[in-house]
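Thanks for coming. I will take you through one model, starting with its surface and then going on to its charged pairs and a helix packing.

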Amino acid sequence: MDTPLLFDMDNAVGYAIGRTAGRLKIGLRRTFLAHGHDVTPEQWVVLYRLYETPGLSQAELGERSVKDKTTITRILDRLSDKDLLTRRRDPLDRRSQRIDLTPAGRALVGQLVPLVRAYATASFADVPPEDSETLRRILGNIEARLDILLEA
């Protein structure tokens, strides 16, 4: 008879982070849809990264939005189909593409930012600012450690 593997999933920090992140994404998606915007939270991140830094390469955009090559390609295809971005060959590296928002993409970001701000304010209403800062610091520490572990 196998000894049962004991693991307290409900109190695992990684599981709690993932569960909370998932619920945040669901709520943000609902917020976008309620305001007539058919955009996923993953697409929002890509749109905003392109808004803040136009002309990123697909690889740079994947890094900045924490998406693998397959996922970023799929997101870009969907946003391109909606005429929210354009792709152009990098003149210095023909294997690379540079991505820019279209005027419609830039306008959409302008419409989404207030929704994201309001949603974040409502979502974190019970979290004091000093706890938010502590959480960001802790998550940064975890991310830095994960970077080290992934390089090993």
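Helix α6 gives the most to the nonpolar patch, with seven residues. By helix I mean a DSSP run of H or I with at least four residues, while strands are E runs of at least two, and both are numbered from the N terminus.

Before I go on, the ground rules. This is a predicted model, where local features need pLDDT of at least 70, side-chain atom pairs count only at pLDDT 80 or more, and totals for chains, interfaces and linings use all residues. Residues are numbered from 1 along each chain as its sequence is written, and side-chain values use heavy atoms, with hydrogens and water left out.

Back to the patch. Which residues make it? They are Val13, Ile17, Leu135, Ile138, Leu139, Ile142, Leu146, Leu149 and Leu150, and the nonpolar surface comes to about 800 Å². Patch residues have over 30% relative accessible area and no salt bridge; nonpolar side chains (Val, Leu, Ile, Met, Phe, Trp, Tyr) are joined within 5 Å, like charges within 9 Å. The areas are Shrake-Rupley values with a 1.4 Å probe, and for residues only the protein chains shown count as cover. Both α1 and α6 supply at least two residues each. Val13 sits in helix α1 and is exposed, at 55% relative accessible area. For these labels, buried is under 20%, exposed is over 50%, and partly exposed is in between, with a 1.4 Å probe and protein chains only.

Next, the charged pairs. Side chains of opposite charge can pair when their charged atoms come close. A salt bridge here is a side-chain nitrogen of Lys or Arg within 4 Å of a carboxyl oxygen of Asp or Glu. How many salt bridges does that rule give? The count is eight.

One of them joins Lys25 and Glu42, at 3.4 Å from N to O. Lys25 belongs to helix α1 (residues 13-34) and Glu42 to helix α2 (residues 41-52), so this bridge ties together parts 17 residues apart in sequence. Lys25 is partly exposed at 39% relative accessibility, and Glu42 is partly exposed at 23%.

Another is Glu52 with Arg64, whose closest N and O atoms are 2.7 Å apart. This pair links distant parts of the chain, with Glu52 in helix α2 and Arg64 in helix α3 (residues 58-65), twelve residues apart. Glu52 has 32% relative accessibility and is partly exposed; for Arg64 the value is 32%, also partly exposed. A network of salt bridges links Arg49, Glu52 and Arg64.

Within helix α6 (residues 129-151), Arg136 and Glu133 are three residues apart, about one turn of the helix. Their salt bridge has its closest N and O atoms at 3.0 Å. Arg136 is exposed at 52%, whereas Glu133 is partly exposed at 47%.

Now the helix packing. How are α3 and helix α4 (residues 69-81) placed? They pack at about 105 degrees, with axes 10 Å apart. Axes are lines fitted to C-alpha atoms, for helices over the stretch in contact, and angles run from 0 to 180 degrees between N-to-C directions. That makes α3 roughly perpendicular to α4, the class for 65 to 115 degrees; under 35 is roughly parallel, over 145 roughly antiparallel, and the rest oblique. In contact (heavy atoms within 4.5 Å) are Gln58, Leu61, Gly62 and Ser65 of α3 with Lys69, Ile72, Thr73 and Leu76 of α4.
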